Amino acid sequence: MTRALVTGGSGYFGSLVADRLLADGWDVRILDLHDNADRPAAIELVAGDIRDPATVRLACEGVDVVFNNVAQVPLAKDPMLLRTVNIDGTANLLRAAADAGVAKVVHTSSSAVFGIPEHNPVLPSTPPAPRELYGQAKLAAEWECLAASARGLDVSIVRPRTIIGHGRLGIFGILFNWIADGADVFVLGDGSNRYQFVHADDLAELCIRAAGRSGPGIFNAGAADFGTMRDTLEGVCEHAGTGSRVRSLPARPASWAMHAAAAAHLAPFAPYHWIMYSRSLWFDIDHCREQLGWTPAWSTRDMFAQSYDWYLAHRAEADG
């Protein structure tokens with residue numbers, strides 16, 4: 001039986017990967033600071049910090065494949081945490097994996113490494129150019145992966161577009177709240193920027209397929225069926241049927257307002273949000289089809305409808 005270590009296995013995406021692996025017959029261990037009350041008994045927990053080398057070495061013992069999902073997200077806004085968790089923690093894990101004889105590491109990165117791309121679609125060969133601290137930290141973690149690969153460790157990097165599905169709301173929880181109340185929602189500018197998402201199920205499938213492929217690789221993950229930001233929000237409004245409509249706000253003043261709201265702790269925005277909400281970014285995913293046989297099942301319209309329905313069913317919890 002193949003044994004997997006899922007770092008960040010109590011988090012949103014890590015727990016999804018761990019559950020998928022368990023259902024597929026893997027022996028699963030997770031590394032996380034926290035435990036989930038609903039963690040299956042068959043999933044082993046190593047409680048600890050990815051920044052602690054001794055804990056990470058313990059977690060890697062006897063492991064065949066590592067799925068690295070630990071990260072401080074953009075909302076952390078703490079340069080020290082972004083560095084010590086995203087970069088130093090990744091380096092810790094890669095050293096421990098190499099020492100333990102791990103056969104494969106799949107590292108979850110971010111599309112934030114590309115900042116505002118000069119050209120779309122973004123290819124695996126497109127040079128990264130992050131525009132804020134989170135993207136810079138995720139890129140530095142990728143450099144650690146490339147250095148480990150050069151030393152002989154088999155590491156693949158997966159860069160997802162914005163993840164949604166199964167309760168993953170982010171700032172869209174604010175928009176869902178307005179839509180549920182019949183209030184209008186807003187795009188910045190005319191909303192014609194093409195913006196790609198990826199469903200968590202599709203991303204988990206890609207990560208597991210990457211784990212089964214021998215040799216290092218870089219895989220950019222996103223939906224095949226997507227449109228503009230206005231298309232996305234109009235689709236949710238139509239699905240909700242509450243009378244909510246999509247309106248436009250001037251992009252630059254609205255971005256300043258998002259920045260100010262975040263600084264005043266009035267809204268959960270991070271620099272990546274006000275930089276990218278009105279910008280286009282989408283991946284060419286042909287390389288994922290060709291190298292992994294992966295085709296995303298979820299369209300943007302369907303994943304947002306599912307997320308909105310989840311929000312309605314858990315509104316009191318989500319609003320809290």
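Q: Are α1 and α6 oblique or roughly perpendicular to each other?
A: In this predicted model, the axes of α1 and helix α6 (residues 200-211) come within 10 Å and cross at roughly 60°, and the two helices are therefore oblique to each other. Angles under 35 degrees count as roughly parallel, over 145 as roughly antiparallel, 65 to 115 as roughly perpendicular, and the rest as oblique. The axes are lines fitted to C-alpha atoms, for helices over the stretch in contact, with angles from 0 to 180 degrees between N-to-C directions. Helices (H or I, at least four residues) and strands (E, at least two) are DSSP runs numbered from the N terminus.

Q: What should I keep in mind about numbering and confidence?
A: Residues are numbered from 1 along each chain as its sequence is written, and side-chain values use heavy atoms, with hydrogens and water left out. In this predicted model local features need pLDDT of at least 70 and side-chain atom pairs count only at pLDDT 80 or more, while totals for chains, interfaces and linings use all residues.

Q: Which residues of α1 and α6 meet?
A: Y12, F13, L16, V17, R20 and L21 of α1 meet A200, D201, L203, A204, E205, C207 and I208 of α6, where contact means heavy atoms within 4.5 Å. The residues of this contact divide into 10 nonpolar, no polar and 3 charged; Ala, Val, Leu, Ile, Met, Phe, Trp, Tyr, Cys and Pro count as nonpolar, Asp, Glu, Lys and Arg as charged, and the others, Gly among them, as polar.

Q: Is L21 buried or exposed?
A: L21, which is placed in helix α1 (residues 12-23), counts as buried because its relative accessibility is 0%. Buried means under 20% relative accessible area, exposed over 50%, and partly exposed in between (1.4 Å probe, protein chains only).

Q: And what is L21 in contact with?
A: Leaving aside neighbours within four places in sequence, L21 is in contact with A4, V6, W26, V28, F67 and I208. The C-alpha atoms of L21 and I208 are separated by 8.0 Å, although these residues are 187 apart along the chain.

Q: What about α5 and α11, where do their axes stand?
A: The axes of helix α5 (residues 172-180) and helix α11 (residues 300-313) come within 10 Å and cross at roughly 70°, which makes α5 roughly perpendicular to α11. F172, G173, F176, N177, I179 and A180 of α5 make the contact with F304, S307, Y308, Y311 and L312 of α11, and its residues divide into 8 nonpolar, 3 polar and no charged.

Q: Which residues form the aromatic cluster?
A: One aromatic cluster is formed by F172, F176, Y195, F197, F304, Y308 and Y311.

Q: How many aromatic pairs turn up overall?
A: A search of the whole structure finds 11 aromatic pairs. In one of them, F114 and F283, the ring centres are 5.8 Å apart and the planes lie at 75°, so the pair is edge-to-face. Rings of Phe, Tyr and Trp (its six-membered ring) pair if their centres lie within 6.5 Å, and planes under 30 degrees apart count as stacked, over 60 as edge-to-face and the rest as tilted.

Q: Where in the chain do F114 and F283 lie?
A: F114 lies in the loop between β5 and α4 and F283 in the loop between α9 (271-276) and α10 (286-292), so that the pair links distant parts of the chain, 169 residues apart. F114 counts as buried at 2% relative accessibility, and F283 is buried with a relative accessible area of 3%.

Q: What sort of pair do W178 and F186 make?
A: The pair of W178 and F186 is edge-to-face, because the ring centres are 6.2 Å apart and the planes are at 85°. W178 is partly exposed at 35% relative accessible area, and F186 is partly exposed at 27%.

Q: Last one: which residues does the cis peptide bond join?
A: The cis peptide bond joins N120 and P121, with omega about 0°, and P121 lies in the loop between β5 (104-108) and α4 (133-150).
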